[in-house]
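Subject: Handing over the structure

Dear colleague,

I am passing the structure on to you with this email, and below it you will find what turned up when I went through it. Please read the notes with the sequence and the coordinates open beside them.

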Amino acid sequence: MSIRLLDQSTINKIAAGEVVDRPASVVKELVENAIDAGANAITVEIKDGGISFIRITDNGCGIPSEDIEIAFKRHSTSKIRTAADLASISSLGFRGEALSSISAVAQVELVTKTADSFFATRYRINGGAEEGREEIGAPEGTTFIVRNLFYNTPARKKFLKTPATEGNYISNVIEQLCLSHPEISFRYIVNNQPKIQTMGNNNLKDVIYVIYGRETAANLIEIEESFEKFSVKGYIGKPSVSRGNRSFENYYINGRYIKSNIISKAIEEAYSGFLMQHKYPFCAFHITIEPEQLDVNVHPSKMELRFANGNYIFDCIRQLVYDALSHRELIPKASVDSHIEHKPDTSVNYTRVHENIQPDLTVKEEKTDFKNTRMPEPFETKRSEEYSKKVEPVVYKQAELFDDKMLLREENKADISVIGQVFDTYWIIQYEENMYIIDQHAAHEKVLFERFMKDYRECAITTQYLSPPSVISLTGHEEDLIKNNMQYLENCGFAIEPFGGNEYAVRGIPARFSAADPKDMLFEILDALDENDRKTTSEVIRDRIATMACKAAVKGNNRISYAEAKSLISELMKLDNPYNCPHGRPTMISMSKYDIEKKFKRVL
Ligand code: ADP
Ligand code: MG
């Protein structure tokens with residue numbers, strides 16, 4: 001479509017707001033334009049956190065020479081024509097405001113060429129005033145250079161943070177753009193230093209590797225499902241890659257990075273039994289949904305949207321994530337040789353990526369050097385030598401095969417054999433071609449925790465009475481804590497009475513945790529009560545039950561009998577999530593027969 005001005009009634013229906021508030025929003029808008037232009041290679045270069053210099057180069061369709069002036073007008077767009085089109089937007093942009101807003105507050109230079117024009121056009125516009133226009137030779141595609149943002153609006157410039165902080169905002173934007181478009185090869189250069197380079201091979205896992213590193217990429221569970229009216233495809237992290245905040249919950253709707261309470265909640269609910277409180281999962285997945293099911297015209301930065309049927313989406317996503325977590329192998333793998341863990345992708349060729357990217361159209365200011373960029377392993381020289389050995393394909397196959405095994409499926413649980421104990425702490429079990437090493441303390445802690453949680457939910461907690469009672473002396477503050485939480489402590493199975501002065505008699509403790517030292521357990525709980533006053537009730541309860549379970553669980557360096565171990569392991573295996581203790585640590589690790597044979601050089 002050619003670029004046209006929208007009519008006033010359409011303009012009035014567009015969610016209004018300022019799109020350019022900092023360098024990161026300039027980058028976001030311009031890269032989104034490049035994506036809408038069909039580019040498959042986009043380079044973003046910034047200096048000074050983007051305040052003095054942003055250059056974005058794409059190999060998309062270009063802007064027709066006759067449309068350039070109008071493209072910089074407010075409310076000019078080639079993406080929608082009428083308000084009716086708002087109901088079915090498939091492009092990232094549609095408001096027709098970015099170019100006019102950016103050029104109003106910066107010095108902008110554009111070089112652009114379409115396939116059917118012979119020359120490229122170079123166009124300059126500063127603070128909204130056209131500075132010049134000429135024909136030059138350049139390849140197809142578009143380059144925008146934005147210099148000195150807010151140079152003519154000092155009041156707005158004052159609100160910018162330091163270049164380092166502004167640069168971080170841009171990095172976050174780029175990371176999200178890379179993840180939301182794995183089919184596009186992105187190159188991101190900061191102060192002449194390459195920071196990110198993605199393949200553009202449409203492999204989301206490769207992008208996750210580039211952005212989040214090896215550890216995360218090696219601990220992903222693939223999800224893929226088609227529902228009525230929408231589909232989901234991508235990865236969720238195993239609980240072991242959990243993080244302290246929500247910023248690792250990435251999801252994209254029709255190629256757009258957004259934040260949605262509905263989707264975040266669905267994900268977090270699915271993970272709730274698998275992660276400790278205050279831990280948030282990693283995920284990166286794509287939702288493809290009919291545009292009619294969405295309202296993207298809710299927020300000026302297009303970060304929010306509205307679903308036609310939010311409840312349905314919530315249920316589907318929660319179930320999908322929960323099923324993926326419950327049915328997959330979540331046991332961390334003990335590595336023999338580190339390179340077994342990550343699947344090398346020898347199909348990727350770095351040179352090819354370079355060729356994909358359009359050469360820069362404008363003067364190169366300094367040479368860039370890709371030496372320090374984080375790349376998938378095959379590009380690290382040492383590793384690529386390893387991979388070139390002929391053993392490599394076998395290694396890769398085994399690592400993949402292991403991932404897909406489901407030891408803990410109901411029907412497999414009977415076939416597990418307990419081999420014995422080492423270091424008075426770890427139990428070795430064998431199942432088919434794998435050896436598992438189970439930490440008895442973590443396993444016991446998990447089993448106790450789950451038993452108690454079940455009792456708690458069913459209001460079936462019993463008290464084990466102590467004879468004689470255990471007498472404790474409390475500080476005034478501790479006394480307050482006990483008094484204020486007496487009801488809760490009783491609900492959990494404690495029986496506590498004043499014993500004169502600052503002394504209290506602990507007459508009973510939760511029967512499930514009768515192996516714990518009563519004083520020790522109570523003091524732990526009091527400490528937790530003290531710390532936790534800002535948490536929600538259910539979080540606090542979970543926390544304290546986890547604390548009690550830890551206190552009551554058999555420690556490492558304690559011998560337990562073979563029969564005890566066997567019953568503990570079989571109870572552990574019956575849990576929905578046997579893989580992590582309530583604190584999120586693993587209960588077991590694994591090593592395959594193949595790994596061991598490799599160690600002994602029986603196989604290559
Ligand atoms: P919107 O993206 O909402 O349409 P913009 O102000 O961002 O509005 O861009 C105005 C128009 O300029 C777009 O509709 C598009 O036709 C054209 N345009 C902008 N950037 C590019 C680009 N990199 N490649 C091709 N066309 C572009
Ligand atoms: Mg746009």
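His441 touches Cys550, Ala553, Val554, Lys555 and Gly556, if one leaves aside residues up to four places away in sequence. Please bear in mind, here and throughout, that this is a predicted model. His441 lies in helix α14 and is buried, with a relative accessible area of 13%, which falls under the 20% limit for that class. Its side chain also reaches the backbone oxygen of Val554, at a distance of 2.9 Å.

Asn558 is placed in the loop between α18 and α19, where it counts as partly exposed at 35% relative accessibility. Not counting residues up to four places away in sequence, Asn558 touches Gln421, Asp424 and Gln440.

For the chain as a whole, there are 20 helices and 24 strands, and buried residues make up 52% of the 604 residues. Of the contacts between residues at least 6 apart in sequence, 72% join residues that are at least 24 apart.

Turning to charged pairs, the structure holds 23 salt bridges, of which I describe a few. One of them joins the side chains of Arg22 and Glu166, with 2.9 Å from N to O. Arg22 lies in the loop between α1 (8–13) and α2 (23–36), while Glu166 lies in helix α6 (residues 163–180), so this pair ties together parts that are 144 residues apart in sequence. Both Arg22 and Glu166 are buried.

Another salt bridge is formed by Arg451 and Glu571, whose closest N and O atoms are 2.8 Å apart. Because Arg451 lies in helix α14 (residues 440–457) and Glu571 in helix α19 (residues 562–574), the pair ties together parts that are 120 residues apart in sequence. Arg451 is partly exposed, with a relative accessible area of 26%, and Glu571 is likewise partly exposed, with a relative accessible area of 26%.

Lys551 and Asp520 form a salt bridge as well, the closest N and O atoms being 3.5 Å apart. This pair links distant parts of the chain, with Lys551 in helix α18 (residues 537–552) and Asp520 in helix α17 (residues 518–531), 31 residues apart. Lys551 is partly exposed, with a relative accessible area of 25%, and Asp520 is partly exposed too, with a value of 35%. Elsewhere, Glu109, Arg122, Glu134 and Arg147 are linked in a network of salt bridges.

As for aromatic rings, the count comes to twelve aromatic pairs, and ring pairs link Phe72, Tyr123 and Phe144 into a cluster. Charges also meet rings in this model: the charged end of Lys47 sits over the ring of Phe53, 4.7 Å from its centre, and Arg243 lies over the face of Phe248, at 4.1 Å from the ring centre.

The peptide bond from Ser467 to Pro468 is cis, with omega near 0°, and Pro468 lies in strand β21 (residues 463–473). Asn148 has a positive phi of about 50° although it is not a glycine; Asn148 is placed in the loop between β8 (141–147) and α5 (154–158), and at 30% relative accessibility it counts as partly exposed. Lys601, which is not a glycine either, has a positive phi of about 55°. Lys601 is found in the segment after α20 (593–599) and is exposed, with a relative accessible area of 68%.

With kind regards

Technical notes. Residues are numbered from 1 along each chain as its sequence is written. Chains are lettered from A and ligands numbered from 1 in the order in which they are written. This is a predicted model: local features need pLDDT of at least 70, side-chain atom pairs count only at pLDDT 80 or more; totals for chains, interfaces and linings use all residues. Side-chain values use heavy atoms; hydrogens and water are left out. A salt bridge is a side-chain nitrogen of Lys or Arg within 4 Å of a carboxyl oxygen of Asp or Glu. Helices (H or I, at least four residues) and strands (E, at least two) are DSSP runs, numbered from the N terminus. Buried means under 20% relative accessible area, exposed over 50%, partly exposed in between (1.4 Å probe, protein chains only). Rings of Phe, Tyr and Trp (its six-membered ring) pair if their centres lie within 6.5 Å; planes under 30 degrees apart count as stacked, over 60 as edge-to-face and the rest as tilted. A charge sits over a ring if NZ of Lys or CZ of Arg is within 6 Å of the ring centre and within 35 degrees of the ring normal. A polar contact is a pair of N or O atoms within 3.5 Å; within protein, one must be able to donate a hydrogen and the other to accept it, and residues adjacent in sequence count only if both atoms are side-chain atoms. Contact means heavy atoms within 4.5 Å.
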